[in-house]
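This briefing concerns the structure shown below. Its topics are the two chains, selected elements within them, and the contact between them.

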Amino acid sequence: MSGTIRIEKLGKPGVFLAAEGFDHDAKRATVDNGMTPLRIVVIPGYVWGQPTNQKPPLADASINKIIDALTRPLKAEEAKPEPIAKEKFKPVEITAESYEAAVEKINQLFLDNHWGDGLSLVPPTKKAVDWMLTGTSLPPDKVIGKVDPKGGSATVEKIAINAVMAGAKPEYLPVIIAAMEGFTDPNFDLRHPVLSMGSFTFAIIVSGPIVEGLNINSGAGFFGHGWRANATIGRALRLCLINLGHTFPQVNDMARLGRQSAYTFYVMGENKKSPWPPYQPNFRDLLMNFSGDLGFCAEKAFNFKEGSLG
Amino acid sequence: MKKGIYLFVAGMVGLSFLALSIPTTGEAVTLQVLNPRGESEPPQNLGLAGRVTDLAGKKIGLYWLGKPDGDVFFARVQKLLEEKFPTAKVLQYTGAFDIGDALAAKVVKEVDTFVYGVGD
């Protein structure tokens, strides 16, 4: 989509072809990329991986629409579209007959708006967010970066709000902020692993004394459950990507099988007993590296044993 | 008189117990929560490039990012365009998901109009 707009901006008229099921994603991308009138032809029945001989008939069925999109004169609103309105996200007030009912209402509202991940969220009240912000000396309005694909501003406060929702503790906040700094670095391709059909996941490796300080599991089961730091740092990061980058499954996150890091990333601490040298100095030039955090796009997990995978 | 007082006190105590035993509706709870969404400045909304009025005699670019069978689909699109517009010239391009500046500049130089598909 962004490539189509790139060429249109250079003055050549074109059409974007979207497989059925990707049309909402394509339409949304026209907003994010600043060309809402872009002509899109949806190819019904086009599925990646279907038998090869099923592809030509799909072209036969769509060719007239493609020709029409290339040649139909522009309407006035296509040549000069309305400006895109800025979205404002204000605090939300919920009243219910009890605290429990209010929490339930907040959870439903957040999920309905695609602001949650489907698990129960801790309500990010001002008091809870102020508590979370005690974990950092950075000012709440400091912008850590812009999160793809929407380019939402990752302020320290917004990161803290999502950390509260994830059930994190203030002492985890510096790790979460450092990882967000990595994800928003222009050299890191965040757009692809959060939008693509491929079921990419993320891994965060934390090194240094903070591993023990935060009780980040670096032993057996380090990708598993049972450690609050591992679980909630990863969940806070997923919520940050959902809310600051504006992604959601079937809307613009098109991972066919979903993502293994759906609810929390692979977060692990470096193990002192590891026979390998520390990651941080070795990967410094190779991967992104901030404040002892190292984040990268990952594949599924395997067990290594005597040269084999299991 | 004393008996009357005793009865009155006993009645009041009984009423008090009765009142306590009736479930009461608690006061409404209001929670204000901060918004987790990241705000951004909207991009400038640009209009489309002017269309070609006819494909006859035009150079038409087809861009495909290399996913399996996209080439089969686009080969058919090329055949159909050449059948319908024998004087048109169809040029095929392949590259990354986003075409990038360099290839976009080349395409812009070589075609009059284009079809962009990623093969999903």
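What share of the contacts in chain A with a separation of 6 or more is accounted for by residues 24 or more positions apart? In this predicted model, such residues account for 71% of those contacts. In chain B, 70% of the contacts between residues at least 6 apart in sequence join residues at least 24 apart.

**Chain A: composition and domains**

- Chain A contains twelve helices and ten strands.
- Of its 310 residues, 42% count as buried.
- The chain is divided into domain 1, covering 2-79, and domain 2, covering 97-310.
- Six residues from domain 1 of chain A and six residues from domain 2 of chain A take part in the contact between these domains.
- On the domain 1 side, the touching residues comprise two nonpolar, one polar and three charged residues.

**Chain A: helix α7**

- Helix α7 of chain A spans residues 156-166, and ten of its eleven residues are buried, so this helix is largely enclosed by the rest of the structure.
- Among the buried residues of α7(A) are Val156(A), Ile159(A), Ile161(A), Val164(A) and Met165(A), and the list also includes Lys158(A) and Asn162(A).
- The cover over these buried residues includes the helices α6 (126-133), α8 (173-183) and α11 (228-245) of chain A, together with the strands β4 (143-147) and β5 (152-155) of chain A.

**Chain B: composition and helix α2**

- Chain B has three helices and four strands, arranged along the sequence as α-β-β-α-β-α-β.
- Of the 120 residues of chain B, 25% count as buried.
- Helix α2 of chain B (residues 70-84) has 15 residues, and its first and last C-alpha atoms are 21 Å apart, close to the 21 Å expected at 1.5 Å a residue.
- The buried residues of α2(B) are Gly70(B), Phe73(B), Phe74(B), Val77(B) and Leu81(B).
- These residues lie on the same side of α2(B), because they cover an arc of only 90 degrees around the axis.
- An α-helix has 3.6 residues a turn, so residues three or four places apart point the same way.
- Elements covering the buried residues of α2(B) include β2 (59-64), β3 (89-94) and β4 (113-117) of chain B, as well as α3 of chain A.

**Chain B: strand β4**

- Five of the five residues of β4(B) are buried, so the strand is largely enclosed by the rest of the structure.
- Thr113(B), Val115(B) and Gly117(B) point one way from β4(B), whereas Phe114(B) and Tyr116(B) point the other way.
- Within chain B, β2(B) runs parallel to β4(B) and is joined to it by five bridges; Tyr63(B) stands opposite Tyr116(B).
- Strand β1 of chain A (residues 14-19) also runs parallel to β4(B), with four bridges joining the two; here Leu17(A) stands opposite Gly117(B).

**Interface between chains A and B**

- In total, 82 residues of chain A are in contact with 49 residues of chain B.
- Helix α3 of chain A (residues 55-71) supplies the largest share of the chain A side, ten residues.
- That side of chain A divides into 45 nonpolar, 18 polar and 19 charged residues.
- Opposite Thr95(A) stands Thr30(B) in β1(B).

How values were computed
Residues numbered from 1 in each chain as written. Chains lettered and ligands numbered in written order. Predicted model: local features only at pLDDT ≥ 70, side-chain atom pairs only at ≥ 80, totals over all residues. Contact = placed C-beta atoms within 7 Å. Nonpolar A, V, L, I, M, F, W, Y, C, P; charged D, E, K, R; others polar. Pairing = 2+ DSSP bridges. Domains from an automatic or database assignment. Buried ≥ 20, exposed ≤ 12 C-beta atoms within 10 Å, placed from the backbone. Expected span 1.5 Å × (residues − 1). Arc of directions from axis to C-beta.
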